[in-house]
Amino acid sequence: MKQILLLSKSTLLTALSLAAVVTSDEYNHRYKKGDRVDLWVNKVGPYANPQEAYEYYTLPYCAPDTKHHPSNEGGSFNALKAHSIGERLGGHALRHSGHDLIFADDDKNGVLETCTTEKLTADQSALFAKAANDQWFYQMYVDDLPVWGMVGEMLPDLDAAKSEKFGSDLSHLEEAVAKHALEGGALTPYVYTKRTLVVSYNEDRIVKVDLTSDPSSLKEVKEGITLTFELDIQWAKTNTPFHSRFDRYLDHAFFKHQIHWFSIFNSFMMVLFLMGLVALILLRTLRKDYARYALSHGGVAGGRDLEMAEHHDHHASDEEDEDVDENGKPLLDEGGGGRSSGGGRMGVEDSGWKQVHGDVFRAPKFLPLLAAILGTGWQLVTLVMGVVLFAVAGPLHGEVHEERGEVLHAILVFYSLSSIVAGYASGSYFKLYFATTPAGRSKAGGAAAGGTTQWQLTMALTVLLLPTILVGILSVLNFIALCYQTIYYIPFLVLLKLFFLWVFVSVPLCILGTLLGRHAKLGGKKSDPFPCRVNAIPRPIPDDIPWYGVPANLIPFAGLLSFGSIFIELYYILTSLWNYKFYHVYGFLLGVYAILCLVVCMTTVIVVYFTLNAENYLWQWTAFYSGASTALYVFLYSIYYFVFKTNMNGLVQTSFYFGYMLLISLGAGTLCGTLGHWSANKFVRTIFQNVKVD
């Protein structure tokens, strides 16, 4: 029994000691004095090209002369940190710097760690010279707080760089270069050899990290020389609270500028204008249409119905306006003459959107493809809303901009779980319209077999459509990144994890959703889910229609209005993606997303109304293209941003920029097209439910 008690006591002490170890690390951001703090190096690369980034020790830096030096056993120098999938997809490859940081080691006046390189070869000196010429920067992390610094500078001569008259900060370098450029002299590459790392802490937490490069330490890069690099590590106490330690990285002046608020107000006013326009169509134009259609079935004996119709049409007040239809054509009596002298009016032949009541719910062309696209669109709608709400709720679970790869990780989770939405949306849409196709009407065995094939095609397209586009574009980018050996290539193990996530989570949920959609009851208590029967023979579409009845003329205007409601926010998003800023105003993003949804829905309703009024019943693809046309303007704006707002250059960065922007544009187009189709579908059902059809 005594041995058992001793064993239990020993186990308990071991567990407590392990718990004590666990409570002091960079994962919970708590340390005790004397604890080891890791300094991680992430990447180096041209400042103008965010995606052209390489591992830190691609440059011929030397290993610090500490216990982590490669010549010492058990060191952590250049050891790869464990990364999540989101971190690897975001281009993070943290490796141990080899430097020794001891928490709260402020008893001494700083710790100076040095190392000396071997004589630089021609290739090594050329690499340092390239880094200085292309303005390479490096990134490090201390307790998940990033710091940046420049590798070197291109200067006329060392004395000018060290001159006191230019000041002690980096601004003196620009002045020296500008002065020398006027004289037409050549520039020489220099690298910084001394850096100072100041780590500020509040009790047991690190709250601030500053890294500065000493201009007086600039050394000219030449073949055959040795370079001695120094890192001065200093600790300082501060009263800054831990919860606000990331605020210094957030550019509040940029993101919360007055123009940002003005853009929201401007978009809101656009929504009010479009709501008024749609209300005008629904309350005035359609009411006038209903009144005119009531005349066409009323006849002489229907004088009471006529009076009721005229009572509802209170906008048409003058008698001349009552004697003509909306196109200015006179109302005809039974004999084909004008208005009846007996006080009644005979019916007129239907014209406008009611004329297509027997074809408006006909299945669109390429039904499986449209069903798959709409299913993918609803998946993207759910995905974007979920990620934005997750980011807005950051104060509850941790701000997403403070954790590397957090947003990408959330995107993967929401994409996988929302696959069931894609399957259900595509399956239910295909079931809805398949009944109006010849194969759906026929009960023959061959037609049933064809229907099964169509169902399988719809399911396969829904499962493969978006992943195929993603894999196609990302494979090209991954191949380019691998050829240039940048850290933005996706490792094979990460690709394998993504494949398993897709096969074992996304695909089964998508198939399950398709099956649920196939067996969903879409018509409610009615056997026919549509307000009007679909004719067996489609009617011809008129050729002589006004310009505003041609979908190709209306679709670009719809996309332009939708883009106009988001382009200011798009600028902030692109600046965060390509210019090293942390996007954190997710409340703005949620508001703009809601405004975009409203604008897309209302502009699509207007386009579809004019299309149907021109007796063109092919509204499904028109509605989708009306919303999806936003993608064209997004991509055109990305070209403008690339040319005028960035200094990007080279194959790697150009490929990544336009590859990612193509994916963003396609995703935005699919999302907006789906919302437009949904609103048009609601609109079409509403107007035809209120029309009496013989």
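Helix H10 passes helix H12 in a right-handed crossing. This is a predicted model. The protein chain has 22 helices and 13 strands. Of its 694 residues, 48% are buried.

**H10 against H12**

- The axes of H10 and H12 (residues 406-417) come within 9 Å. They cross at roughly 140°.
- That angle makes H10 oblique to H12, because only angles over 145 degrees count as roughly antiparallel.
- On the H10 side, the contact is made by Gln-379, Leu-383, Gly-386, Val-387 and Phe-390.
- H12 contributes Glu-406, Val-407, Ala-410, Ile-411, Phe-414 and Tyr-415.
- By class, the residues of the H10 and H12 contact divide into eight nonpolar, two polar and one charged.

**H10 against H19**

- H10 spans residues 367-392, and helix H19 spans residues 586-613.
- The axes of H10 and H19 come within 9 Å and cross at roughly 150°.
- H10 and H19 are therefore roughly antiparallel to each other.
- H10 passes H19 in a left-handed crossing.
- From H10, the contact draws on Val-381, Val-384, Met-385, Val-388, Leu-389, Ala-391 and Val-392.
- From H19, the residues are Tyr-586, Gly-587, Leu-589, Leu-590 and Tyr-593.
- The contact of H10 with H19 has 11 nonpolar residues, one polar and no charged.

**Disulfide**

- A disulfide is a covalent bond between the sulfur atoms of two cysteines.
- The count here comes to one disulfide.
- Cys-62 and Cys-115 form the bond, with their sulfur atoms 1.9 Å apart.
- The torsion about the S-S bond of Cys-62 and Cys-115 is about 70°, so the disulfide is right-handed.
- The pair links distant parts of the chain, 53 residues apart.
- Cys-62 sits in the loop between strand E2 (39-46) and helix H2 (85-89). Cys-115 sits in strand E5 (residues 111-116).
- Both Cys-62 and Cys-115 are buried.

**Other cysteines**

- Cys-672 is in no disulfide. The nearest cysteine sulfur belongs to Cys-597 and is 7.5 Å away. A disulfide requires sulfur atoms within 2.5 Å.
- Cys-672 has 1% relative accessibility, so this residue counts as buried.
- Cys-483 has 48% relative accessibility and counts as partly exposed.

**Ala-631**

- Ala-631 lies in helix H21 (residues 630-644).
- The relative accessible area of Ala-631 is 13%. Ala-631 is therefore buried, as buried means under 20%.
- Not counting residues up to four places away in sequence, Ala-631 touches Ser-665 and Gly-669.
- Ala-631 and Leu-662 are 31 residues apart along the chain. Their C-alpha atoms are separated by 9.0 Å.

**Contacts across the chain**

- Take the contacts in the protein chain between residues at least 6 apart in sequence. Among these, 80% join residues at least 24 apart.

Notes: Residues numbered from 1 in each chain as written. Predicted model: local features only at pLDDT ≥ 70, side-chain atom pairs only at ≥ 80, totals over all residues. Heavy atoms only, no water. Axes fitted to C-alpha atoms, helices over the stretch in contact; angles between N-to-C directions. Helix = DSSP H or I, 4+ residues; strand = E, 2+ residues; numbered from the N terminus. Parallel < 35°, antiparallel > 145°, perpendicular 65-115°, else oblique. Left-handed = near helix turned anticlockwise from the far one by under 90°. Contact = heavy atoms within 4.5 Å. Nonpolar A, V, L, I, M, F, W, Y, C, P; charged D, E, K, R; others polar. Buried < 20%, exposed > 50% of the residue type's maximum accessible area, 1.4 Å probe, protein only.
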